[in-house]
Amino acid sequence: MTGESVRVRSAYVDMSAVMQIAMTAVMLTTGRANYPSCAPSIGVLPITVYNRSRMSGTELDAIVATADRLWRPYGVTISAGAPHGVAVIVGAEPPAAVSQSAAGPIVLGTTLFSDGHATPYIHLWVGAAEALITASDGDGRRYSALTSVERDAALLPVLGVALAHEIGHYLLDTPHHSRVGLLQTTLRFHDMRVPSPEHLPLTDQQQRVLCAKDFAGLGLRQ
Ligand SMILES: [Zn+2]
């Protein structure tokens with residue numbers, strides 16, 4: 001896996017795969033999502049998690065469970081533990097080439113693109129999730145005042161949304177973002193702390209693209 005990881009870093013990644021703190025109080029008017037009629041026939045997306053962070057196996061399971069919950073309405077089940085699934089590399093800190101300036105957005109995850117197409121290599125950055133929570137100051141309590149267990153628990157839904165977002169880039173085979181929903185550039189912090197499919201949907205257009213995909217080529221099993 002080490003050699004593959006080097007390639008991931010050296011190749012083009014979804015550098016615009018950025019989630020930043022939405023400090024404004026603007027409410028999204030996504031409403032209740034309309035889920036696609038093709039949903040029951042899509043299938044299982046196997047992923048293989050490579051842990052290079054302090055996260056425990058149980059915590060990694062919780063991250064995957066959040067991503068799974070956000071994709072279930074579209075008929076996609078995210079299943080960890082597969083030996084040759086989509087590689088999800090959970091690291092500590094992003095390399096300098098990925099992390100932005102202090103004033104810039106915080107990159108929580110990246111998806112590798114090659115020749116204009118998404119490849120099955122996703123990175124998540126635990127340190128970036130911590131930076132996001134620290135900058136937002138959580139629910140009014142300083143992150144540093146939390147116990148280590150509370151801190152890690154706070155990271156899980158945020159990283160789960162980041163994983164779901166990157167899986168969106170992979171399944172839809174696009175580095176682009178939408179104005180609203182799961183694939184928006186700027187996600188509301190509350191939607192990352194308390195994620196729900198209703199507040200992080202695919203757009204109608206994204207659902208149409210999803211339904212038209214050749215899922216066998218994406219590693220999805222029926
Ligand atoms: Zn993105």
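Mentor: We'll go from the overall layout to the sheet, and then to the helices and the core.

Mentor: Two bits of housekeeping come before that. This is a predicted model, where local features need pLDDT of at least 70, side-chain atom pairs count only at pLDDT 80 or more, and totals for chains, interfaces and linings use all residues. Residues are numbered from 1 along each chain as its sequence is written.

Trainee: How many helices and strands does the secondary structure of the chain come to?
Mentor: Helices (H or I, at least four residues) and strands (E, at least two) are DSSP runs, numbered from the N terminus. Here you get six helices and five strands, and along the sequence they follow the pattern α-β-α-β-β-β-β-α-α-α-α.

Trainee: Now the sheet. What is the order of its strands?
Mentor: The general idea is that strands of a sheet pair through backbone hydrogen bonds, either parallel or antiparallel. Two strands count as paired if DSSP finds at least two bridges between them. In this model, five strands make an open sheet in the order 2-1-3-5-4, with mixed pairing. Strand 2 and strand 4 (109–114) are at the edges with a single partner strand each, so one side of each has no neighbour in the sheet.

Trainee: In which sense does each pair run, parallel or antiparallel?
Mentor: Strand 1 and strand 3 pair in the parallel sense over six bridges, and Y50 stands opposite I89 in strand 3. Strand 4 and strand 5 are antiparallel, over five bridges, with T111 having I122 in strand 5 as its bridge partner. Strand 4 and strand 5 also form a hairpin with two residues between them, and D115 in the turn has a positive phi of about 55°.

Trainee: What does "buried" mean, and how much of strand 4 is buried?
Mentor: A residue is buried if 20 or more other C-beta atoms lie within 10 Å of its own, exposed if 12 or fewer, and partly exposed in between, with C-beta atoms placed from the backbone. Strand 4 is mostly covered, with five of its six residues buried.

Trainee: On to the helices. How far does helix 4 reach?
Mentor: The expected span is 1.5 Å times one less than the number of residues. Helix 4 (residues 148–172) has 25 residues and reaches 36 Å from its first C-alpha to its last, close to the 36 Å expected. Because 18 of its 25 residues are buried, helix 4 is largely enclosed by the rest of the structure. Just after helix 4, D173 takes a positive phi of about 55°.

Trainee: What do the buried residues of helix 2 pack against?
Mentor: For contacts, the C-beta atoms of two residues, placed from the backbone, must lie within 7 Å. Among the buried residues of helix 2 are L60, I63 and W71. The buried residues of helix 2 pack against strand 1 (43–52), strand 2 (76–80), strand 3 (86–91) and helix 4.

Trainee: And which residues touch the most other members of the largest nonpolar core?
Mentor: A nonpolar core is a set of buried Ala, Val, Leu, Ile, Met, Phe, Trp, Tyr and Cys residues joined through C-beta atoms within 7 Å. The largest one has 55 residues, and A129, L159 and L163 touch the most other members. Helix 4 gives this core its largest share, 12 residues. Leaving out residues up to four places away in sequence, L159 touches I63, L124, V126 and A129.
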